[in-house]
Amino acid sequence: MPAISVLLPVRNALPWLHRSLASLWRQTFRDFEVIAVDDGSTDGSGAWLDAAAAAEPRLRALHTGPLGLPAALNLALREARAPVIARMDADDLIARTRFAIQHAHLVAHRDVAVVGSRVRLFPHAAVGQGMARWVTWHNALLTHEHMARELLIDSPLVHGTAMLRRDWLERVGGWTSQAWPEDLDLWIRMIDSGARLAKRPETLYAWRQHARSATRMDPRYRLESFQELKLDTLARRFGDAPPTVLGVGASLGRWHDLLRRRWPDARRVEVRSPSASVLAALSPPILLVLVAYQRRDVWRTAMLERGLVEQNDFTFIA
């Protein structure tokens with residue numbers, strides 16, 4: 001039995017497969033298998049994987065119709081043999097020491113359910129300002145506590161970087177096929193079930209930016225899809241209690257309208273700074289629509305000083 005099973009979903013990734021697989025075979029930790037799922041490719045990716053598997057016994061290629069990423073991952077998980085599961089996307093690259101570092105982290109920290117790493121984006125010419133800001137935010141979140149409290153801002157752990165304990169994946173039912181991002185959905189379900197996340201400070205993953213990527217093409221990664229997932233999470237956490245939403249401008253208005261779909265009595269407070277009078281008038285649950293992390297730090301300090309508990313009494317959202 002291998003120590004690690006790598007789940008590699010493939011959909012029309014032929015231009016990048018050779019380099020992606022080469023970065024796997026260069027790993028200093030070699031006790032792993034790769035389960036590649038050709039998810040309805042039409043560009044020859046399936047035939048390329050079959051030829052590669054004939055030459056590399058650690059690679060198994062499965063072929064399906066276009067199931068979609070969550071279903072392809074669950075198929076690969078059923079075929080995997082290892083107690084530790086690693087993710088990788090077919091157009092990305094990994095550092096030679098990725099598996100060695102992450103596996104050692106799981107061995108040394110039995111309380112950790114999943115460990116990721118910092119990432120870099122490439123090629124430089126394809127990296128927009130928004131993604132550059134996003135990766136700076138992602139790479140600054142290195143502890144479970146930091147990732148958990150930013151969970152409804154965006155996905156705090158890049159899916160492709162994840163190395164997970166199989167028993168935790170199975171405990172939460174694997175990946176779900178919903179109309180929203182499968183990675184953030186998984187982290188929410190794991191954290192809500194008591195799992196602890198970790199992130200290595202090394203940059204072990206290179207995330208390719210290109211026009212055909214799922215992040216840009218798949219409707220599950222649109223703003224509206226993220227919003228639906230966040231609303232679903234808030235409904236499970238808040239129950240019937242109508243929230244108060246704080247913020248300014250268009251973001252505040254948008255979230256107030258969204259919240260009123262489920263809580264018609266949701267309150268809206270337009271405010272920039274956490275004055276004593278504003279804080280005295282608040283009662284949980286409280287949502288703070290603050291995109292700039294500097295402003296989140298100011299409000300977080302003020303809310304904690306008032307005795308409120310983050311994720312129970314107040315939550316940041318974007």
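**Entry 1: strand β1**

I began with β1 and found both of its faces covered: I4, V6, L8 and V10 are buried on one side, S5, L7 and P9 on the other. I take buried as under 20% relative accessible area, exposed as over 50%, and partly exposed as in between (1.4 Å probe, protein chains only). Seven of the seven residues of β1 (residues 4-10) are buried, so the strand is largely enclosed by the rest of the structure. Helices (H or I, at least four residues) and strands (E, at least two) are DSSP runs, numbered from the N terminus.

A note on the source. This is a predicted model, in which local features need pLDDT of at least 70 and side-chain atom pairs count only at pLDDT 80 or more, while totals for chains, interfaces and linings use all residues. Residues are numbered from 1 along each chain as its sequence is written, and side-chain values use heavy atoms, with hydrogens and water left out.

**Entry 2: the sheet around β1**

I looked up the partners of β1 next. Two strands pair if DSSP finds at least two bridges between them. β1 runs parallel to β2 (residues 32-39), with seven bridges. I4 has F32 of β2 opposite it. β1 also runs parallel to β4 (residues 84-87), with four bridges. There, S5 has I85 as its bridge partner.

Then I traced the whole sheet.

**Entry 3: helix α1**

I followed the chain from β1 through α1 to β2. The three make a right-handed β-α-β unit. Right-handed means that, with the strands pointing away from the viewer, the path from the first strand over the helix to the second runs clockwise.

I checked the length of α1 (residues 14-25). At 1.5 Å a residue, its 12 residues should span 16 Å, and the end C-alpha atoms are 17 Å apart, which agrees. The expected span is 1.5 Å times one less than the number of residues.

Which residues of α1 are buried? I listed W16, L17, S20, L21, S23 and L24. Down the helix axis they fall within an arc of 150°, so they line one face of α1. That arc is taken from the directions from the helix axis to the C-beta atoms. On the other side, P15 and H18 are exposed.

I moved to β8 (residues 196-208). It runs parallel to β6 (residues 112-122), and 10 bridges join the two. V112 has R196 of β8 as its bridge partner.

I picked A198, also in β8. At 8% relative accessibility, A198 is buried. Beyond its neighbours within four places in sequence, A198 touches H105, V112, V114, V115, G116, M147 and L157. Contact means heavy atoms within 4.5 Å. I also checked A198 against L106: 92 residues apart in sequence, 9.3 Å apart in space, C-alpha to C-alpha.

**Entry 4: salt bridges**

I counted next. The structure holds 20 salt bridges. The criterion is a side-chain nitrogen of Lys or Arg within 4 Å of a carboxyl oxygen of Asp or Glu.

I opened the pair E145 and R196, at 2.9 Å, N to O. E145 sits in helix α6 (residues 144-149) and R196 in β8, 51 residues apart, so to speak of distant parts of the chain is in order. E145 is partly exposed at 42%, and R196 is partly exposed at 29%.

R200 and E202 form another, at 2.8 Å, N to O. E202 is partly exposed at 26%.

E228 and R261 also meet, at 2.7 Å, N to O. E228 lies in α10 (residues 223-238) and R261 in α11 (residues 249-262), so this pair ties together parts that are 33 residues apart in sequence. E228 is partly exposed at 27%, whereas R261 is exposed at 57%.

I also found a network of salt bridges linking E150, R296, D297, R300 and E310.

**Entry 5: helix α11**

What covers the buried residues of α11? I first listed those residues: L252, G253, W255, H256, L258 and L259. Their cover includes α10, β9 (244-247), β10 (267-270), β11 (286-289) and β12 (314-317).
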